[in-house]
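These are my notebook entries on one protein chain. I set down what I looked up, entry by entry, with the rule behind each term.

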Amino acid sequence: MKRILFLFVAVIVLSAPGAAQNNNQSKDARAAVNRFFLLLKSRSYPALYEFLPSDLQRQITREQLALSLMRLDSFILIERMEVGRVQQHGDFAVVNTTIYGKLKKPVTVNGEQINEGRVAAQQFLLREGRQWKVVTADNRTQSYFLKRNAEFGKQFQLAQPTFEFKQKDKWTAFGKPMKPQK
């Protein structure tokens, strides 16, 4: 279950930065997140590589990214995304998103079958040239980015991702007290 959640987060938390200077810049960061999601949903995995900043492209190949996303696709069907607040400052942005998906193989938690969930996550963006790039593929990448861009965390209101699953038609936070059953 932790591995599935990690893979889900790794895909969801990909994004690029900025802070509201004018409405067009804000729309550009939002549009980049929307384009990324549409490519993800249509399984155009190699095309997603273009959304990675050059630093990340030096650390992972197009093929490695595509294989990682294909593995995720074998566990989760990503259905839709809601885009919320966009914070933009210079060449950095943070876009709040909520992504909804279904597990292809449901799990049982506390005696109840779980097959759909959602994650609220902030997408970090970095503008390289004129293009917004996704910089937060996983916790390691996020930490690396924040260390290299120390002012980033001071310029934005950052939040940890939150996971929820649907239980009895209500969204319930995923927490430690629940243990998966086999």
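**Entry 1: The chain as a whole**

I began with contacts, meaning heavy atoms within 4.5 Å. Of the contacts in the chain with a separation of 6 or more, 69% are between residues 24 or more positions apart. I note that this is a predicted model, in which local features need pLDDT of at least 70, side-chain atom pairs count only at pLDDT 80 or more, and totals for chains, interfaces and linings use all residues. Residues are numbered from 1 along each chain as its sequence is written, and side-chain values use heavy atoms, with hydrogens and water left out.

I then looked up the helices (DSSP runs of H or I, at least four residues) and strands (runs of E, at least two), both numbered from the N terminus. The chain has 7 helices and 7 strands. Along the sequence, I read their order as α-α-α-α-α-β-β-β-β-α-α-β-β-β.

Next came burial: buried means under 20% relative accessible area, exposed over 50%, and partly exposed in between, with a 1.4 Å probe and protein chains only. Of the 182 residues in the chain, 44% are buried.

**Entry 2: Salt bridges**

I used this rule: a side-chain nitrogen of Lys or Arg within 4 Å of a carboxyl oxygen of Asp or Glu. Side chains of opposite charge can pair when their charged atoms come close. The count comes to 10 salt bridges.

I looked up Asp 73 and Lys 104, whose closest N and O atoms are 3.6 Å apart in a salt bridge. Asp 73 is in helix 5 (residues 62-75) and Lys 104 in strand 2 (residues 92-109), so this pair ties together parts 31 residues apart in sequence. Asp 73 is buried, because its relative accessible area is 17%, whereas Lys 104, at 42%, is partly exposed. Arg 43 joins Asp 73 and Lys 104 in a network of salt bridges.

A second salt bridge joins the side chains of Glu 164 and Arg 118, at 2.5 Å from N to O. This pair links distant parts of the chain, with Glu 164 in strand 5 and Arg 118 in strand 3 (residues 112-128), 46 residues apart. Glu 164 has a relative accessibility of 24% and therefore counts as partly exposed.

**Entry 3: Arg 80**

I found Arg 80 in a salt bridge with Glu 82, the closest N and O atoms being 2.8 Å apart. Arg 80 is partly exposed at 41%, and Glu 82 is partly exposed at 36%. Arg 80 also lies over the face of Tyr 100, at 3.8 Å from the ring centre. For a charge over a ring, NZ of Lys or CZ of Arg must be within 6 Å of the ring centre and within 35 degrees of the ring normal.

**Entry 4: Aromatic rings**

Rings of Phe, Tyr and Trp (its six-membered ring) pair if their centres lie within 6.5 Å; planes under 30 degrees apart count as stacked, over 60 as edge-to-face and the rest as tilted. I recorded 9 aromatic pairs. Phe 36 and Phe 51 have ring centres 5.5 Å apart and planes at 80°, so they form an edge-to-face pair. Both Phe 36 and Phe 51 are buried. Ring pairs also link Phe 92, Phe 124, Phe 145, Phe 152 and Phe 156 into a cluster.

**Entry 5: Gln 167**

Is Gln 167 buried or exposed? I found Gln 167 buried, because its relative accessibility is 18%. Gln 167 lies in strand 5 (residues 162-167). Leaving aside neighbours within four places in sequence, Gln 167 is in contact with Glu 112 and Thr 172.
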